[in-house]
Amino acid sequence: MTTPSTVLVGRIRPRSIILPSSLALGVLCLMAIALTLGSSDLSLGSAVSAAVGLAEPGEVFIVRELRLPRVLVAVGVGATLGASGTLMQGLMRNPLASPDIVGVTGGASLATVLAISGAAGPTLLPVAAAAGALVATAVLQVLGHRNSSGARLVLIGIGLHAIASAGVTLTIARIPADRLGAAEVWLAGSLHARTWTHVGTILVGAAITLPLAFGLLRHLRTLELGDELAVGAGVRVTRTRHLLLMSSALLAGVAVAVSGPIAFVALGAPHIARRLVGPTSPATLTTAALIGALLVLAADLIGKNLLAPTSLPAGVVTAALGAPYLLWLLHRMGRT
Amino acid sequence: MTVRPAGVRGATRAPRPGAARVVLVPAALLLLLVVTVLASFAIGSVRLPPGEVIDALRGARTTETHLIVRDLRLPRAVAGVVAGLCLAVAGVLLQGATRNPLASPTLLGITSGAGFAVVVSVAVLDMPTRYTVWAAFLGGGIAAGTALALAGTGRDAMSPVRLALSGAIVSLLLSAWTQALLALNQADADQVRHWLAGSLAGRDAAAVPPLLPIIGVGLLATALLARSLDALSLGDEAAVGLGQHPGRVRLLAGLTAVCLSAVAVALAGPIAFLGLIVPHVARALVGSAHRDVLITSALLGPVVLLAADIVGRVVARPSEIQAGVLTALIGAPVLIRVASRAKGAL
């Protein structure tokens, strides 16, 4: 659409600034709420002053050591998952493709559970998760290399996911009893008891992978025009596709490493973002990352406080609330 | 759709094998089934010589062997035979009714729907286990209905990818809810978690007799549907020309498949992919006529499930690997192969 007004405004439309800013504001609000709620409720003022170290030691400990790491991990995990899904859905041209459906999350889960059962330390888990995600993606590419159509890749991915989940069940069945609890909590996709080590991991991971995602976005937009046009535009289609899939896998692997598999976010966030700002663009990627952060923060808040003292892992909440949305989405896709 | 002469579609896929093969394959499978059942009596954490197994079955001994064979391994074998048969036949029915090579109880969400319903009935409503099968029915039926309704609208209605995605999402939803229920009911979780992996261990032989009427009606309906499904495989127009009502056949085949899958889930838990693998292997063996495929699958299903159970008992001794895990490991590569070979509207 090149109506005179869009030409005048240029590449940056007001909406692509206002929307991300208001979403970022929403993320900050949820973060503040998450800092105040818990087994001992704090006022917003005391939570914030505790976060900067200006409250009594007990409150500072609660906020700084318990709640702040959890909140920051939620934001990081949500953002990387949202970005990962955006790349993959754009690449497979299928709005329902996502790392959790095509086996990437499954591969990361399998690798991590194997690492836990082998008593790997917390520093090794992110490496295992990223390696698992990359291996799953590589297998997906090898199996689907002759027919790169999105639909076939999705089907192959569903098969990979099944293999990975069988592997996880198998590993869980044989895991030493003292490590079973840790593996099960991790598998449910929980943000419980996150530490500053986790924050460091997700920050470093996001700092490496998110710029990669933004860098590759340009090529994705060319690929979306179709292979022939992309070749005409000078894009090396196969190599670009591989790079995009790999970076999507890395993004998902980083997230899975610190929080376990949190379902639906990588699938749902890009979808909501596209409805808000339109097809793939830097604004969509930013929006999807912010929506991902919002979703994970909200899911963790709900899971932690709704049925207190029982707490539900964030991954269970996102899946339970997200799946009906997906069903509705699938239904609507059929209509159009 | 272009009109083809009757029979050509089947013939281009796989040449119809000679009558000898259609008889020999089931006969060989029957023999294999007997061997597998006997092996499942003999092999396990305690290995028994065949002579002792036969003695125990005849009731000649009242010792430890007797106990192992009659009380542990017999119910296990019975559950394996019945569940394997039901899942394999349900898979043939679903693939025939939807004309979709990927349709199967697992991919349509029937197994996870039945699983969710069983968890609700046991862990939430505290219902006695004799209601388990009815809960599985209801859950499996609702899940399959939802997945089929979702896949059946729009341009690419019922295409393999549509159906697989609909089923995958229905399964995702239901297993998330199952996880949530288990997280909330830690006390009941252990009891159900074992069952959810799809295992034949610790089955109660008394669970089978009440299910026999359902199995009987299901198999009778399947036998009556075989020719209609053959007609359906020529395309809806040709089927109408042959005097069939495609909609009615689909509905009946779907209902029968849900009944049979529910029986299997109630007996053995959610066994992944068996209903997908077996019909494909059967078609490769005896061609695509539904009567032959159904008979072959009905024999092959129990063989595969019992073999998975035996392997699971042996490879990880002293612990066990659930049969459902092993069928998933075998089944997923089959799914990948079928998906990458499927032609047409992908």
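Modeller: What follows is a set of questions about terms and the values behind them. This is a predicted model, in which local features need pLDDT of at least 70 and side-chain atom pairs count only at pLDDT 80 or more, while totals for chains, interfaces and linings use all residues. Residues are numbered from 1 along each chain as its sequence is written, chains are lettered from A in the order in which they are written, and side-chain values use heavy atoms, with hydrogens and water left out.

Biologist: What makes α5(A) largely enclosed by the rest of the structure?

Modeller: Eleven of its 14 residues are buried, so the rest of the structure largely encloses α5(A); buried means under 20% relative accessible area, with a 1.4 Å probe and protein chains only. Among these buried residues are A:V104, A:G107 and A:I116.

Biologist: How do you know what span to expect of helix α5 of chain A?

Modeller: The expected span is 1.5 Å times one less than the number of residues, and helices are DSSP runs (H or I, at least four residues). Helix α5, residues 104–117 of chain A, reaches 20 Å from its first C-alpha to its last, close to the 20 Å expected.

Biologist: What is the count of salt bridges between chain B and chain A?

Modeller: A salt bridge needs a side-chain nitrogen of Lys or Arg within 4 Å of a carboxyl oxygen of Asp or Glu, and the count between these chains is zero. Even so, 42 residues of chain B are in contact (heavy atoms within 4.5 Å) with 37 residues of chain A. The largest share of the side of chain B that touches chain A, 17 residues, comes from α7(B).

Key
Helices (H or I, at least four residues) and strands (E, at least two) are DSSP runs, numbered from the N terminus. Buried means under 20% relative accessible area, exposed over 50%, partly exposed in between (1.4 Å probe, protein chains only).
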